[in-house]
Amino acid sequence: MEREHVVRLLAVCLALPSLVYYILMGSDTSTVRYHPLPTDDPDELWWSDWEKVQRSRREALAYGCKHYKNLRGKSFFKLVTNRRYLYNLVIDDKHRTVYCYVPKVACTNWKRMMMILSGRTNKTDPLAIRSYVPHVEGVLPRLSSSRMTSSLLHHKLRTYTKFLFVRHPVERLVSAYRNKLVINSTSAADFKRRYGIKILKKFRKGDAVQNISKTGHGVTFAEFVSYLIEKRHESPQSMNEHWAPYVELCHPCFIKYNIIGKYETLEEDAEYVLRKIGAPPSLHFPPLVTSKTTALVEAHMNTLTPELRKKLYNAYQLDFKLFGYDYVKEKDYVTQENGS
């Protein structure tokens, strides 16, 4: 009888945390959006389904890399001997993880996460880290570090879990254009001085040249796209990381990524990454904020001529093909114009 009382008391103690949560949060737990931790149980539906999604993305990438030859003579040897190519790959040695960050694809939050994971901050809430901090040089270790021996570099590329996140290439470019050349902010003011003035002088014609802003403000999306096309053709390695193609930043045909995340499925992919690398169960990616850019893409693309749209696609075609994005809008625009 005494043993039975002890067992009951133990059961109550184990159930107490859940009971407290239920009282505090109420009976409706539908707001809890995080997926359960993975298990070895094949019936763990979410986990097994996302394993299939990742396998499909890796296979599509491998197929694309094998069949699309426009890779500008790169090789794995060039990447590891010229380490500037590896600048966007940051490391978390604690969890044996390499993350290739792509600006305008949730990279600020992912850098915050990498700071927490690698012990570069004592904060446990990623949003408690000020947004500029993760971008400060030296905050996160990089694979491009000259202090890393070649053998150690090879070892990490071969054995660490490697992941990246991408989004629809056009949506990313619209986001970069608005964030760096349209809005009024300290960061945008710097980009306007560095790139805006140059773009305006290059692509403004006739009397409009006399009215170029000294601040670099006023670059149109068509002028921005013309600049991107020219840079992609002349010197792709020198493109700013905010609009450089994925193939130039992360080299997915030469570095074998274990996880390919997409902005369109950010919540699921982020949780998958964290559970896969063995992150603390309490650590989750910041809540998803719906992007306003998607609704603006069509309006921006409508300012481009058919010729300019075609050249834009050609400049970023590998990003479209390797990561399974369609350039459907191009067909839609052509159809609309031909029918009018």
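## The loop between S1 and S2

Arg 96 sits in the loop that links strand S1 (89–92) to strand S2 (97–100), where helices (H or I, at least four residues) and strands (E, at least two) are DSSP runs numbered from the N terminus. This is a predicted model, in which local features need pLDDT of at least 70 and side-chain atom pairs count only at pLDDT 80 or more, whereas totals for chains, interfaces and linings use all residues. Residues are numbered from 1 along each chain as its sequence is written, and side-chain values use heavy atoms, with hydrogens and water left out.

Although Arg 96 is not a glycine, its phi is positive, at about 50 degrees. Most residues other than glycine have a negative phi. With a relative accessible area of 39%, Arg 96 is partly exposed, a class that lies between buried (under 20% relative accessible area) and exposed (over 50%), with a 1.4 Å probe and protein chains only. Ala 106, in the loop between S2 and helix H4 (107–117), also has a positive phi, near 60 degrees, in a residue other than glycine; Ala 106 is buried, however, with a relative accessible area of 19%.

## Overall content

The secondary structure of the protein comes to 14 helices and four strands, and 44% of its 340 residues count as buried. Among the contacts (heavy atoms within 4.5 Å) with a separation of 6 or more, 69% are accounted for by residues 24 or more positions apart.

H6 (residues 169–181) holds Ser 175, which is buried at a relative accessible area of 11%. When its neighbours within four places in sequence are left aside, Ser 175 is in contact with Lys 104, Arg 167 and Thr 293.

H6 packs against helix H7 (residues 186–203) at an angle of about 105 degrees, with the axes 7 Å apart; axes are lines fitted to C-alpha atoms, for helices over the stretch in contact, and angles run from 0 to 180 degrees between N-to-C directions. That angle makes H6 roughly perpendicular to H7, given that 65 to 115 degrees counts as roughly perpendicular, under 35 as roughly parallel, over 145 as roughly antiparallel and the rest as oblique. From H6, Asn 179, Lys 180 and Leu 181 meet Ser 187, Ala 188, Phe 191, Lys 192, Gly 196 and Ile 199 of H7. The contact of H6 with H7 has four nonpolar, three polar and two charged residues, where Ala, Val, Leu, Ile, Met, Phe, Trp, Tyr, Cys and Pro count as nonpolar, Asp, Glu, Lys and Arg as charged, and the others, Gly among them, as polar.

The axes of H6 and H8 come within 11 Å and cross at roughly 110 degrees, which makes H6 roughly perpendicular to H8. H6 passes H8 in a right-handed crossing; a crossing is right-handed if the near helix is turned clockwise from the far one by less than a right angle, and left-handed if anticlockwise. Leu 173, Val 174, Tyr 177 and Leu 181 of H6 make the contact with Phe 221, Phe 224 and Leu 228 of H8, and the residues of this contact divide into seven nonpolar, no polar and no charged.

## Helix H8 against helix H12

H8 (residues 221–234) also packs with helix H12 (residues 306–315), at an angle of about 45 degrees and with the axes 10 Å apart. The two helices are therefore oblique to each other, and H8 passes H12 in a left-handed crossing. On H8 the contact is made by Ala 222, Val 225, Ser 226, Ile 229 and Arg 232, and on H12 by Leu 308, Lys 311, Leu 312 and Ala 315. By class, the contact of H8 with H12 comprises six nonpolar residues, one polar and two charged.

Nine of the twelve residues of H10 are buried, so H10 is largely enclosed by the rest of the structure; among them are Leu 266, Tyr 272 and Ile 277, together with the charged residues Asp 269, Glu 271 and Arg 275. For helix H10 (residues 266–277), the end C-alpha atoms are 16 Å apart, in agreement with the 16 Å that twelve residues should span at 1.5 Å a residue, the expected span being 1.5 Å times one less than the number of residues. Just after H10, Gly 278 takes a positive phi of about 80 degrees.

Phe 323 lies in the loop between helix H13 (317–322) and helix H14 (328–339), and counts as buried at 4% relative accessibility. The C-alpha atoms of Phe 323 and Ala 60 are separated by 7.3 Å, although the two residues are 263 residues apart along the chain. With its neighbours within four places in sequence left aside, Phe 323 is in contact with Leu 61, Leu 164, Val 166, Tyr 246, Pro 252, Ile 260 and Lys 262.
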